Amino acid sequence: MSLLDIFMIAVRVAFSAFIPLCFIAVCVWMERRGAGFFQDRAGPNRAAIYGFRAAGLVQNAADGIKLFFKEDMISDHIKHKFFFVMAPFIVFFCAIISFAVVPFADTLVLGGRGYVMQGIPMDIGILWFLAVTGFSVYGIILAGWSSANKFGLLGSLRSAAQVISYEIPMGLALVSMLIVYGTVNLSEMAQYQGQLLFGFIPMWGAFLQPVSLMIFVIAAFAECNRTPFDLAEGESELVAGFHVEYSAMKFAVFFMGEYVAMFASSAIIITLFFGGYQIPFLNTQALITFAKPVAFFMMIGLPIGMYYFAGWIRRNNVSHYPRENDPRVTEANVYIKCFWGLVVIIELLLIGILICQSGGSAAHVFVALLQICTFLVKVTMMIFVYIWVRWTLPRFRYDQLQKLGWQMLLPLALLNIFITSAVVIALS
Amino acid sequence: MFAEVLFIAFAALSILGAIGLILFRHPMKGAMSLIVTMISLAGLYALLSAELIFVLQLIVYAGAIMSLIIFIIMFLNIQDNDLPIEEGRYLYLAGGIAVIIPIACFMIKVVKSIPAHQATIVGNGFGGVKEVGLVLFQDWLLPFEIVSLLLLVALIGAVVLAGKRRLLK
Amino acid sequence: MGAKVKTMERRGSTFIERIYLVEIFKGMARTLSHLLRNLKDNSKLYVRHYPEVQPEIPAGWRGRHRLTTHDDGTVKCVACFMCQTNCPADCISIEAGERHDDKAEKMPVSFNINLLECIYCGYCVEACPLDAIRMDTGIFSLTDNNRQAFIIGLDELLTTPGAYPEEDQKKGGA
Ligand code: SF4
Ligand code: SF4
């Protein structure tokens with residue numbers, strides 16, 4: 001094993017462990033500010049360090065510190081303390097390792113050796129995801145049950161029944177995807193989606209299997225216990241559902257687990273249906289050949305984009321009431337300078353790409369980075385959809401939820417499998 | 001070397017889980033230990049590079065079946081004082097062990113008499129999804145279908161039996 | 001029949017609406033349009049930048065209490081206990097004493113209102129025969145670190161000025 005090998009392993013493991021954690025902050029921030037803007041209010045924007053609010057991101061830090069230093073209570077009526085403490089960690093851990101099989105860039109070829117960009121390179125890919133998300137039910141069941149609390153028990157009953165029954169349409173929707181792709185390996189699926197359909201549409205799962213996409217997304221929402229399927233928490237009926245008895249850091253772990261699960265399932269949806277790390281119309285091979293033109297266009301595009309972004313910051317980061325020497329204007333100026341600095345750094349890197357020899361390892365690394373960025377942008381967009389749906393739709397009633405799962409999605413998924421296999425056989 | 005350490009760890013965990021299943025009084029604890037056993041068994045399959053069985057063990061046994069069992073235990077919400085008092089359970093345990101020891105000795109002997117082979121990985125892609133699928137649906141198609149028919153019969157039988165009881169009421 | 005009857009159109013029975021998906025997308029488009037509008041220009045948010053921008057409190061609004069005075073600055077209250085008797089929250093406690101300045105026979109020696117118990121119903125104001133207690137200070141936000149600070153006494157009640165001119169009071173102040 002050379003030094004490079006060890007480095008690449010460290011990179012990919014670190015990526016798949018830390019990116020979900022970093023995205024907790026992004027998700028929470030997007031959720032709160034997004035919720036605010038959807039509802040024509042501002043969302044948390046006051047917490048500041050020396051007047052710098054970072055668009056409300058500082059609030060996350062404040063909340064984190066608060067939860068960390070809160071009293072961690074386990075009330076006396078809880079008999080099974082071990083399970084009680086273990087439950088949030090099961091949920092969190094399952095959520096993190098379910099992301100481990102998602103490829104975030106195409107195989108990186110350096111010095112004649114390929115490096116898979118996946119936390120755990122595994123052939124079984126999507127099956128691993130199914131297995132691990134199934135485990136998070138244990139956390140929910142144990143939490144509700146060991147709380148010895150009516151609301152907790154009811155919440156975890158609902159949640160467990162929901163997760164178990166939506167796993168079936170999810171699995172069936174997957175089966176038709178597997179028929180199309182002919183593999184369970186997520187990397188191969190992403191590579192498959194780099195092709196073009198009829199020569200002009202990217203061959204994404206979403207275009208090949210729209211029904212499957214619908215079913216999978218609905219089931220994924222249900223698996224994450226997010227609105228419109230958040231009956232497990234149902235504040236108005238169940239107080240907080242399975243985590244009523246949890247406080248401080250244990251609650252925070254549940255909370256973070258929920259967001260990591262959201263991130264992981266967005267990543268899976270992206271990989272299955274929206275081409276994973278693939279940039280539409282530019283597959284890995286094309287990108288490596290055209291590394292220089294791509295870099296050149298990015299060099300032109302970045303400052304232009306940044307110019308408009310700076311204008312947007314300047315317009316919106318002001319106090320909307322008469323105030324002399326508005327500190328928010330200086331704040332905005334600092335942000336803009338930081339972003340310009342970032343742009344300059346990226347430009348320098350791009351110049352580096354331009355003067356390097358084409359098709360070399362610099363181009364390969366550049367392409368990998370580009371694909372990682374694409375992947376993260378796509379995942380962020382999917383997370384945004386989650387948030388968007390949450391702040392648009394009301395909650396289902398429980399019988400409606402089960403009816404939807406068993407009477408609509410299940411037959412639809414089965415029908416989809418039959419049609420898909422018929423078409424695939426007819427075409428081959 | 002690494003694989004050996006893993007093997008020992010998984011083997012120990014699976015045996016510990018099994019012991020826990022027997023010794024714990026509370027059904028939830030028993031079920032959780034059974035999950036430990038199931039997952040370590042999956043680990044053992046993975047060490048044999050039988051990928052498909054590894055995930056199936058995780059999805060079906062450790063995932064679906066155990067979550068149903070735990071779901072039921074939670075549903076019944078059994079408290080410690082609902083459990084029957086088991087007198088002399090250690091006596092029964094000792095009796096059970098006494099019965100099993102000769103059989104176990106016999107089994108160990110049988111295993112030892114199997115001609116020793118160097119453990120090697122069988123064939124290319126052994127245990128992968130594709131290979132198992134090919135074998136299952138080409139060589140063993142008829143037995144596979146018969147088994148699935150049997151399961152279907154069992155399923156319908158269960159539904160019928162459950163329905164009958166409701167009618168009688 | 002004077003009442004106007006408005007018949008609401010019943011929704012949700014057509015096939016498209018029963019599929020539910022189309023309606024979901026419509027709803028999502030609606031919320032997205034709000035998000036985009038606010039992202040483009042966040043001065044359009046329907047928010048007041050409290051505490052920098054204070055809300056406008058109309059004269060009829062029931063704020064913290066005060067006791068009114070005669071023109072010469074002496075307390076109007078005659079300690080008749082009407083307000084205390086009427087208070088549904090039982091949060092006024094008055095101690096009466098003798099008064100020697102010919103304005104009345106009695107006056108409050110102490111007049112305590114527990115603002116944590118008060119439900120701001122305004123019955124005390126209605127009950128007062130002398131217009132001696134009013135809730136027109138315009139103070140709506142009360143914060144402190146200990147409970148004792150919320151029991152306000154005679155001094156505080158007398159020194160807080162009313163926030164509105166007398167004409168507004170006539171039109172219907174608290
Ligand atoms: S406003 Fe109502 S509750 Fe408050 S002191 Fe007056 S009568 Fe009592
Ligand atoms: S405030 Fe009015 S009602 Fe209350 S004691 Fe004084 S005079 Fe009587």
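These legends accompany close-up views of a predicted model.

Figure 1. Ligand 1 is surrounded by 14 residues. The closest of them are Cys87(C), Cys118(C), Cys121(C), Gly122(C) and Cys124(C). Sorted by class, this shell holds 12 nonpolar and two polar residues, and no charged ones. When reading those classes, keep in mind that Cys is counted as nonpolar and Gly as polar.

**Figure 2. A three-stranded antiparallel sheet in chain C.** Here is an open sheet with the strand order 2-3-5 and antiparallel pairing. Strand 2 (92-98) and strand 5 (151-152) of chain C each have a single partner strand, so they form the edges and one side of each has no neighbour in the sheet. Strands of a sheet pair through backbone hydrogen bonds, in either a parallel or an antiparallel sense.

**Figure 3. The two strand pairings within the sheet of chain C.** Seven bridges connect strand 2 of chain C with strand 3 (residues 106-114) of chain C, in the antiparallel sense. Ser93(C) has Asn112(C) of strand 3 as its bridge partner. Turning to the other pairing, strand 3 and strand 5 of chain C run antiparallel and are joined by two bridges. In that pairing, Asn114(C) faces Ile151(C) of strand 5.

**Figure 4. A salt bridge along helix 2 of chain C.** The side chains of Glu23(C) and Lys26(C) meet in a salt bridge, with an N to O distance of 3.2 Å. Both residues belong to helix 2 (residues 21-40) of chain C; because they are three residues apart there, about one helical turn separates them. Over all chains, the count of salt bridges comes to 15.

**Figure 5. Two backbone details in loops of chain C.** The peptide bond joining Tyr50(C) and Pro51(C) is cis, with omega about 0°. Pro51(C) can be found in the loop between helix 2 and strand 1 (66-67) of chain C. The other residue to look for is Ala79(C), which has a positive phi of about 55° although it is not a glycine. Ala79(C) sits in the loop between strand 1 and helix 3 (82-86) of chain C.

**Figure 6. The hairpin of chain A.** Strand 1 (residues 105-110) and strand 2 (residues 113-117) of chain A run antiparallel and are joined by four bridges. Leu110(A) has Arg113(A) in strand 2 as its bridge partner. The two strands form a hairpin with two residues between them. In the turn, Gly111(A) has a positive phi of about 55°.

**Figure 7. The interface of chain C and chain A.** Here 26 residues of chain C are in contact with 20 residues of chain A. Together the two chains bury about 2100 Å², and carbon and sulfur atoms give 67% of that area. Two salt bridges are found across this interface. One of the salt-bridged pairs is Arg46(A) and Glu52(C), whose closest N and O atoms are 3.2 Å apart.

**Figure 8. The interface of chain B and chain A.** Chain B brings 25 residues to this contact and chain A brings 22 residues. The area buried between them is about 2100 Å², with 83% of it on carbon and sulfur atoms. On the chain B side, Met32(B), Phe71(B) and Met74(B) lose the most area to chain A, together 24% of what that side buries. Zero salt bridges are counted between chain B and chain A. Of the two pairs of chains that touch, chains A and B have the most contacts. Chain B and chain C do not touch, and their nearest C-alpha atoms lie 30 Å apart.

**Figure 9. The domains of chain C and chain B.** In chain C, the domain assignment gives domain 1 (9-47) and domain 2 (66-172). The centres of these two domains, taken over C-alpha atoms, are separated by 50 Å. For chain B, the assignment gives domain 1 (2-129) and domain 2 (139-169). The C-alpha centres of the chain B domains are 27 Å apart.

Technical notes
Residues are numbered from 1 along each chain as its sequence is written. Chains are lettered from A and ligands numbered from 1 in the order in which they are written. This is a predicted model: local features need pLDDT of at least 70, side-chain atom pairs count only at pLDDT 80 or more; totals for chains, interfaces and linings use all residues. Side-chain values use heavy atoms; hydrogens and water are left out. A residue is near a molecule or strand if one of its heavy atoms lies within 4 Å of it. Two strands pair if DSSP finds at least two bridges between them. Domain bounds come from an automatic or database domain assignment. Contact means heavy atoms within 4.5 Å. Buried area is the accessible area (1.4 Å probe) that two parts lose on being put together, summed over both. A salt bridge is a side-chain nitrogen of Lys or Arg within 4 Å of a carboxyl oxygen of Asp or Glu.
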